[in-house]
Amino acid sequence: MSKGLSLWSFQSLSRKISGLSSILLGFLFVVILYSVIKLQQISMEMQEVARIDFPLTKVISELEVLQLEKHIIFEQIRYKKQHKNKVDLHHEIADEREQFNELSQRVTREIRLASEIINNGIISGNIEEKLDEHRRVIAMLTGFQQELNAFQSSAHTVFNILHQPDSDTHWEQLESELALLDGEAINLLAEIETLTEEIAENAVRHEREFFYVNTALGVSALIIGIYLTLYIISGFRRRVGEIQQGIDQLSQQISEGKGADEAAKITVKTDEFAGLATSMNAMVERFSTELDNRYEVEHKLLQLATTDKLTGAYNRHKWDESLAAEFLLAKRGSLLSVILIDLDHFKKINDNYGHDVGDKVLVQAIALIKKTIRESDLVFRLGGEEFAVLMRNQPLSEACVMAEKLRMTLAQTDIKDLPKFTGSFGVAQYTAEESIASFIKRADQAVYQAKNNGRNQVVKA
Ligand SMILES: Nc1nc2c(ncn2[C@@H]2O[C@H](COP(=O)(O)OP(=O)(O)OP(=O)(O)O)[C@@H](O)[C@H]2O)c(=O)[nH]1
């Protein structure tokens, strides 16, 4: 089951849609097939009702009327038998005799008609239900017709001898035959009536069943259709949403100045959107790499623009920038101190050991300064053998301590293959209302003072 589901989830959207549509179409085909078969069956049943049962019902009604007419004729004869002169009776009941003959012919005709309707129905195949019952009715009709013929012949004879003195016994016998025949007729008519009613009820029941089943199937098809539509819409929206989300994340990361990470990758399954997602991801990756490269280049350019190539200290450009920024803070009250350093007799080092050794001394000096200062302090090479340390949130006293520490470090360091070297230090703290130029100038003058005092010393401004 779960294997089937996972197989299903890996199918493309158009495959899913065509799969589900096939199910719906198959279902609709079954509904239509069922409807056609059922309608045909119901139509045949209706035809049977129309061609067999309806004419049969008419015949039954006709026979019932004839039964009644027969009783009326007999009642009239009974009346005349009681109230008229027996001698004239033959003449008196001439009309009734005539009517009875006519009635007998009509009854015979109707019974034959009923037999023909059923027979034709069986032969033509119109009667499909209760075939045996129909055959039994034909047999009953035939039997009834024979009994009726016998009764009619008896009646004819008795009617002709009613004026004779000994006719009463024959009349009574005829009356009992009439009662027997009536019983037979009632049975026969009831049988035919039950049969036609059952067939009509069956047709109605099938029609009702067809309505219920067809309604249920129609509603099911509607539900499947609605489910399919919602499934397709939600699947489509989900896929588009995933891509949209990926694009949103990507654009957010770009606007935040970051490269695209894994989260920005669009994850969709193996449907039509997968191709789109793959292209998007490839684009994201390419873009991300491009962005990373750009950040690297920017970083390098910034380093080049702000760093001294030889020593790795910040350069003059960065010095001006940092000084301006720190000056703004200092003007608002934060402490700012500076240490200016000038290596002593550097020209001599160059002259005595060569320019490349002079370079190594410069590199070593910066390395020693960087190792000694705090993390928040910034070190700059201002030009030649001049350096500066910018100390945030530090008073003059602390800056002097640091300057002394640096002086001693330089002076005491002895590196293999390099000459020993010292530096002169000028320390100043920014004072309120002072300009940058005056602040730096004071520190510069302190360095000058240190040089004049014999070098390798710290002078505070
Ligand atoms: N090796 C090397 N030398 C440099 C560099 N930049 C400047 N110099 C040299 O540094 C020397 C500075 O000499 P001066 O300004 O006379 O100062 P000094 O010899 O240190 O004397 P005082 O400052 O008075 O102690 C010059 O000879 C410059 O050529 C550099 O990048 N590398």
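Two residues are counted as in contact if their C-beta atoms, placed from the backbone, lie within 7 Å. Helices (H or I, at least four residues) and strands (E, at least two) are DSSP runs, numbered from the N terminus. The structure is a predicted model, in which local features need pLDDT of at least 70 and side-chain atom pairs count only at pLDDT 80 or more, while totals for chains, interfaces and linings use all residues. Residues are numbered from 1 along each chain as its sequence is written.

The chain contains 12 helices and 5 strands. Of its 461 residues, 22% are buried; a residue is termed buried if 20 or more other C-beta atoms lie within 10 Å of its own, exposed if 12 or fewer, and partly exposed in between, with C-beta atoms placed from the backbone. Among contacts with a separation of 6 or more, 70% join residues 24 or more positions apart.

An unreviewed UniProt entry lists residues 20-37 and 211-233 under "transmembrane region". Residues 20-37 are 100% helix and 0% strand in the model, with end C-alpha atoms 26 Å apart. Residues 211-233 are likewise 100% helix and 0% strand, and their end C-alpha atoms are separated by 32 Å. The unreviewed entry in UniProt also places a "coiled-coil region" at residues 178-209. That span is 100% helix and 0% strand, and 46 Å separates its end C-alpha atoms.

Helix α2 comprises residues 13-83 and includes Gln-47. Gln-47 is partly exposed, with 14 other C-beta atoms within 10 Å. Although Gln-47 and Asn-126 are 79 residues apart in sequence, their C-alpha atoms are 7.4 Å apart in space.

The largest nonpolar core has 43 residues, of which Val-338, Ile-339, Phe-387, Ala-388, Phe-425 and Val-427 touch the most other members. Such a core is a set of buried Ala, Val, Leu, Ile, Met, Phe, Trp, Tyr and Cys residues joined through C-beta atoms within 7 Å. When residues up to four places away in sequence are not counted, Ala-388 touches Trp-319, Val-338, Ile-339, Leu-340, Phe-380 and Leu-382. A second, separate core of 16 residues includes Leu-56, Ile-117, Leu-141 and Phe-144.

Helix α12 (residues 436-452) has 17 residues and spans 24 Å from its first C-alpha to its last, close to the expected 24 Å; the expected span is 1.5 Å times one less than the number of residues. The buried residues of α12 are Phe-439, Ile-440, Arg-442, Ala-443, Ala-446, Val-447 and Ala-450. These cover an arc of only 150° around the axis, which puts them on the same side of α12; the arc is that of the directions from the helix axis to the C-beta atoms. The cover over the buried residues of α12 includes β1 (336-343), β4 (423-429) and β5 (458-460). On the face of α12 turned away from its buried side are the exposed residues Ala-437, Ser-438 and Asn-452.

Glu-433, in the loop between β4 and α12, has a positive phi of about 70° although it is not a glycine. Glu-433 is exposed, with 6 other C-beta atoms within 10 Å. Gly-454, which follows α12, has a positive phi near 120°. Arg-455 lies in the loop between α12 and β5, and its phi, near 70°, is positive in a residue other than glycine. Arg-455 is partly exposed, with 15 other C-beta atoms within 10 Å.

Val-458 lies in strand β5 and is buried, with 24 other C-beta atoms within 10 Å. Apart from neighbours within four places in sequence, Val-458 is in contact with Cys-400, Ala-403, Glu-404, Arg-407, Phe-425, Val-427 and Ala-450. The C-alpha atoms of Val-458 and Gly-426 are separated by 5.9 Å, although the two residues are 32 residues apart along the chain.

The ligand has 15 residues around it, and Phe-346, Lys-347, His-355, Gly-358 and Gly-384 come nearest; a residue is near a molecule if its C-beta atom, placed from the backbone, lies within 6 Å of it. At least two residues of this shell are supplied by each of β1, α9 (346-353) and α10 (355-372). Helix α10 contributes the largest share, 4 residues.

Methods:
UniProt positions renumbered as here; feature names shortened; annotations may be inferred.
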